[in-house]
Amino acid sequence: MSLRIVVCVKYVPDATGDRHFAEDLTTDRDAVDGLLSELDEYAVEQALQISEASDDAEITVVTVGPEEANKDGLRKALSMGADKGVHVVDDALHGSDVMGTSLVLAKAVEHVGYDLVVCGMASTDGTMGVLPALLAERLGVPQVTLLSEVAVADGQVTGRRDGDTATERLAASLPAVVSVTDQSGEARYPSFKGIMAAKKKPVEELQLSDLGIEADLVGLGGAWTAVDSADARPARTAGTIVKDEGEGGKQLAAFLAERKFI
Amino acid sequence: MRPDGPQPVERQLPTDEAHELMALVRDLARREVRPRAAEEEDAGVFPRGVFTTLGTSGLLGLPYPQEYGGGDQPYEVYLQVLEELAAARLTVAMGLSVHTLSCFGLAEYGTKEQREQYLPAMLGGQLLGAYCLSEPNAGSDAASLRTRATRDGATWTLNGGKAWITHGGIADFYTVLARSGAEGPRGITAFLVPGDAAGLSAAPPERKMGLKGSPTAQIHLDGVTVDDGRRIGEEGQGFGIALAALDSGRLGIAACAVGVAQAALDEALAFLAGRRQFGRPLSDFQGLRFMLADMATAIEAGRALYLTAARLRDAGRPFSKEAAMAKLLCTDNAMKVTIDAVQLLGGYGYTADFPAERYLREVKVLQILEGTNQIQRMIIGRHLLGPETRA
Ligand SMILES: Cc1cc2nc3c(=O)[nH]c(=O)nc-3n(C[C@H](O)[C@H](O)[C@H](O)COP(=O)(O)OP(=O)(O)OC[C@H]3O[C@@H](n4cnc5c(N)ncnc54)[C@H](O)[C@@H]3O)c2cc1C
């Protein structure tokens with residue numbers, strides 16, 4: 001039977017753009033262009049490699065996000081080579097935190113059917129990195145996170161996790177959830193042919209009701225976290241110039257020590 | 001509201017897929033092309049790997065038919081791709097333009113069998129082409145070329161020397177113009193010569209003022225034999241093919257010039273906003289703002305003209321005059337813009353620590369190749385007045 005791989009991807013505001021908060025203190029998505037989170041490109045890449053190494057695999061990319069998440073997010077993954085997409089879009093999702101998102105993703109992944117779920121190590125906007133673990137818990141399957149190498153064989157997913165003090169080799173039986181790091185291998189660029197082919201690939205649009213999720217469990221109202229206030233980053237101030245008149249090194253060290261860098 | 005400073009160019013593109021193509025190109029330019037440009041140009045390193053990446057992404061055959069592995073894109077789109085790449089590194093964009101030029105003859109004048117046999121590999125991204133028209137003694141007067149092609153049954157033998165060949169020595173195939181008949185433009189035939197043909201060799205690359213990453217070399221053809229199946233078009237049709245290729249090639253050069261000029265303007269904008277003199281940012285001084293305004297206007301005018309010519313071409317209408325005008329205007333404007341960019345950066349602009357001086361050195365060649373700007377004026381003059389009469 002074919003290996004069913006689901007990749008969870010996020011549509012995020014461009015990190016190089018000027019990001020702002022809207023009045024309700026959620027990210028103002030209208031003010032800046034969005035794109036597929038670069039960290040999720042690694043997940044798509046690993047899924048593609050696993051799929052290329054297996055006789056028969058199908059990759060579905062799943063995203064929970066606003067209207068544009070399809071065209072500017074999912075489509076990139078499809079043009080890289082994924083087979084089909086699922087887009088959960090619903091006004092009630094506005095303001096969801098990771099608890100809400102993981103709930104919706106879990107239902108969507110179950111809806112698709114899966115043997116292996118691949119996630120990026122974190123999103124480039126929220127950078128929490130807990131979603132893969134939450135997702136695995138909600139699905140009730142093993143989680144093998146933060147892998148820099150991953151492979152699937154004989155109903156198992158195996159991988160390597162590089163820690164600060166040790167390198168672990170991990171394995172889990174399928175179905176399972178993995179997340180891969182930015183050390184797992186550069187993501188491929190889509191080809192122009194891939195871009196054109198992506199247009200014809202199916203993307204299923206789902207609402208909360210299609211997944212049987214109560215609206216009050218998600219969105220701002222259902223969030224477990226709340227943003228009380230947010231301030232714009234203060235403008236950069238002029239730096240301190242240390243003139244070396246014999247004591248330059250000491251002055252530098254003192255400057256760094258004062259700010260607890262050393 | 002748009003923030004101040006350099007902005008991505010607001011592009012008019014005909015389709016959604018062209019917008020997505022452009023996003024891919026910008027991504028490639030930002031991540032693969034620009035970061036190593038200064039260092040490799042300084043060291044004279046040709047970025048073969050970048051061409052492989054462009055090839056796998058399907059960018060080495062954009063304006064050619066899909067059935068032969070091309071991208072089926074109109075010139076209006078292909079040229080804007082070139083422009084984006086030129087803003088990142090001229091060696092790459094000009095290389096792509098020359099590669100496209102070298103495929104032109106076979107794609108437009110080849111027989112169906114020839115196209116089926118050769119084009120997919122030429123457009124597929126793994127191979128790089130070169131175009132051999134110029135000779136040491138046949139530059140602007142290209143019709144006086146002397147490289148000989150002699151026929152013996154189904155085999156042609158080529159002898160002679162070509163000059164100024166972009167990708168000379170590293171190309172996988174060469175489109176070569178050689179004299180198969182009498183003196184003059186009607187005695188010339190075009191051939192597709194494989195890069196590894198016995199008797200084909202390259203001299204050491206020229207030591208140039210700029211564009212040092214792009215090898216330009218003389219090519220020696222010493223008894224190179226090619227099958228008649230590698231003859232492009234009819235015997236004696238070669239010069240017509242060469243000129244038709246150049247009409248399109250010139251549009252590529254125009255787009256390259258606009259790209260470099262845009263990069264120079266962006267560099268100047270960023271610099272002026274960041275530097276203060278007399279207690280104010282330099283960008284506050286009206287004298288400098290007026291220079292920037294003129295630069296931006298020159299760039300936009302050039303872009304509009306090359307796109308007008310491209311859209312005529314895409315509509316199947318004559319575009320030769322407009323192509324010459326676009327090459328002339330875009331490259332002359334780019335020269336002015338890059339000189340002004342150096343001026344705006346002051347002493348910094350004169351150093352190799354900033355790219356402005358490199359842009360200046362690079363665009364100079366665009367006023368020279370694929371028909372000098374004097375030759376472009378001559379072409380435009382002929383469109384206006386007909387051929388010159390000589391007593
Ligand atoms: C970096 C580089 C890459 C190149 N790549 C290629 C390539 O890939 N393939 C290829 O075939 N060629 C290539 N060329 C050659 C280029 O096309 C020629 O250099 C160009 O056509 C000019 O020829 P020339 O250098 O012999 O100059 P000349 O023709 O000798 O011209 C010298 C000067 O006289 C002027 N002039 C000549 N005739 C007239 C006239 N009738 N009226 C007014 N002015 C005139 C010219 O404008 C110029 O200013 C390349 C050149 C360079 C520098």
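So, who lines the ligand? In chain B, β1 (129-132), β3 (155-166) and α11 (373-385) each supply at least two residues of the shell around the ligand. Keep in mind, please, that this is a predicted model.

Now the head count: 22 residues surround the ligand. If you want to zoom in, the closest are Gly139(B), Ser140(B), Trp164(B), Thr372(B) and Gln374(B). Sorted by class, that shell comes out as 12 nonpolar, 8 polar and 2 charged residues.

Which domains does the shell draw on? At least three residues come from domain 2 (129-239) of chain B, and at least three from domain 3 (243-385) of that chain.

Staying on chain B for a second, there's a UniProt annotation, from an unreviewed entry, that reads "domain: Acyl-CoA dehydrogenase/oxidase C-terminal" and covers residues 236-385. That span of chain B is 75% helix and 3% strand, and its end C-alpha atoms lie 27 Å apart.

Okay, over to chain A and some strands. β9(A), residues 156-162, runs antiparallel to β10(A), with 7 bridges joining the two. They make a hairpin, with 4 residues between the strands. If you'd like a landmark in there, look for Gly159(A), which stands opposite Leu170(A) in β10(A).

And how many of the 7 residues in β10(A) are buried? The count is 0, so to speak a strand that's hardly covered, and that's residues 167-173 of chain A.

Note on methods:
Residues are numbered from 1 along each chain as its sequence is written. Chains are lettered from A and ligands numbered from 1 in the order in which they are written. This is a predicted model: local features need pLDDT of at least 70, side-chain atom pairs count only at pLDDT 80 or more; totals for chains, interfaces and linings use all residues. UniProt positions are given in the numbering used here, feature names are shortened, and annotations may be inferred rather than shown by experiment. A residue is buried if 20 or more other C-beta atoms lie within 10 Å of its own, exposed if 12 or fewer, and partly exposed in between; C-beta atoms are placed from the backbone. Two strands pair if DSSP finds at least two bridges between them. A residue is near a molecule or strand if its C-beta atom, placed from the backbone, lies within 6 Å of it. Ala, Val, Leu, Ile, Met, Phe, Trp, Tyr, Cys and Pro count as nonpolar, Asp, Glu, Lys and Arg as charged, and the others, Gly among them, as polar. Domain bounds come from an automatic or database domain assignment.
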